[in-house]
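Subject: Handover of a structure and its description

Dear colleague,

Please find the structure below, together with its sequence.

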Amino acid sequence: MKYSKQREIILETLKQNMIHPTADQVYALLHEKNPNISLATVYRNLNQLADMNIIRKVTGLDNATRFDHNTHKHHHFVCSKCHKVYDIPYNIAPDLSAQIEAQTSVKIESCDITFRGVCPDCMTKN
Ligand SMILES: [Zn+2]
Ligand SMILES: [Zn+2]
């Protein structure tokens, strides 16, 4: 299989699974249909895609490094039951950084906000 084709499949898998999977999860998701792609290839391509800013590496949600196809500004919500990670639109609080800068003397360069709770899927299961 061609190198670029592998990367395409990996990127497609990420886009179809908006749960911010880890490299291991991406591998598990695509392995059935693409048994020729190794875990090492998945790792390498995800890191390269992140280096090229095509996808985003998300750290700090838990112990794992997760991958996000959404490179636009947004916040995250982690379900404490199923551990899926959902995107929260940035425009829910677009002026948060500006407000913090106005009320304190800090200069904000970036922000990563993570909300935690129970997702709709897990709420209906209970
Ligand atoms: Zn959940
Ligand atoms: Zn995200």
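Two residues are in contact if their C-beta atoms, placed from the backbone, lie within 7 Å. Among contacts in the chain between residues at least 6 apart in sequence, those joining residues at least 24 apart make up 48%.

This is a predicted model, in which local features need pLDDT of at least 70, side-chain atom pairs count only at pLDDT 80 or more, and totals for chains, interfaces and linings use all residues. Residues are numbered from 1 along each chain as its sequence is written, while chains are lettered from A and ligands numbered from 1 in the order in which they are written.

Overall layout

The chain contains five helices and five strands; helices (H or I, at least four residues) and strands (E, at least two) are DSSP runs, numbered from the N terminus. Their order along the sequence is α-α-α-β-β-β-β-α-β-α. The C-alpha trace spans about 55 × 40 × 25 Å along its principal axes.

The chain is divided into domain 1 (3-68) and domain 2 (74-120), with bounds that come from an automatic or database domain assignment. The centres of the two domains, taken over C-alpha atoms, are 23 Å apart. Five residues from domain 1 and six residues from domain 2 take part in the contact between them. On the side of domain 1 that touches domain 2, two residues are nonpolar, two polar and one charged. Here Ala, Val, Leu, Ile, Met, Phe, Trp, Tyr, Cys and Pro count as nonpolar, Asp, Glu, Lys and Arg as charged, and the others, Gly among them, as polar.

A residue is buried if 20 or more other C-beta atoms lie within 10 Å of its own, exposed if 12 or fewer, and partly exposed in between. Buried residues account for 17% of the 126 residues in the chain. A nonpolar core is a set of buried Ala, Val, Leu, Ile, Met, Phe, Trp, Tyr and Cys residues joined through C-beta atoms within 7 Å. The largest such core has 12 residues, including Ile9, Ala23, Tyr27, Val42 and Phe67. Helices α1 (3-16), α2 (23-31) and α3 (39-51) each supply at least two of its residues, and α2 gives the most, with four residues. In soluble globular proteins, nonpolar side chains tend to be buried together.

Leaving aside residues up to four places away in sequence, Ala23 touches Val42, Tyr43 and Leu46.

The open sheet

Three strands form an open sheet in the order β4-β3-β5, with mixed pairing; two strands pair if DSSP finds at least two bridges between them. The edge strands, β4 (85-89) and β5 (114-117), each pair on one side only. Strand β3 (residues 74-79) runs parallel to β5, to which four bridges join it, whereas β3 and β4 pair in the antiparallel sense over five bridges. Val78 stands opposite Arg116 in β5 and also opposite Val85 in β4. The hairpin formed by β3 and β4 has five residues between the strands, and His83 in the turn has a positive phi of about 65°.

Yours sincerely,
A colleague
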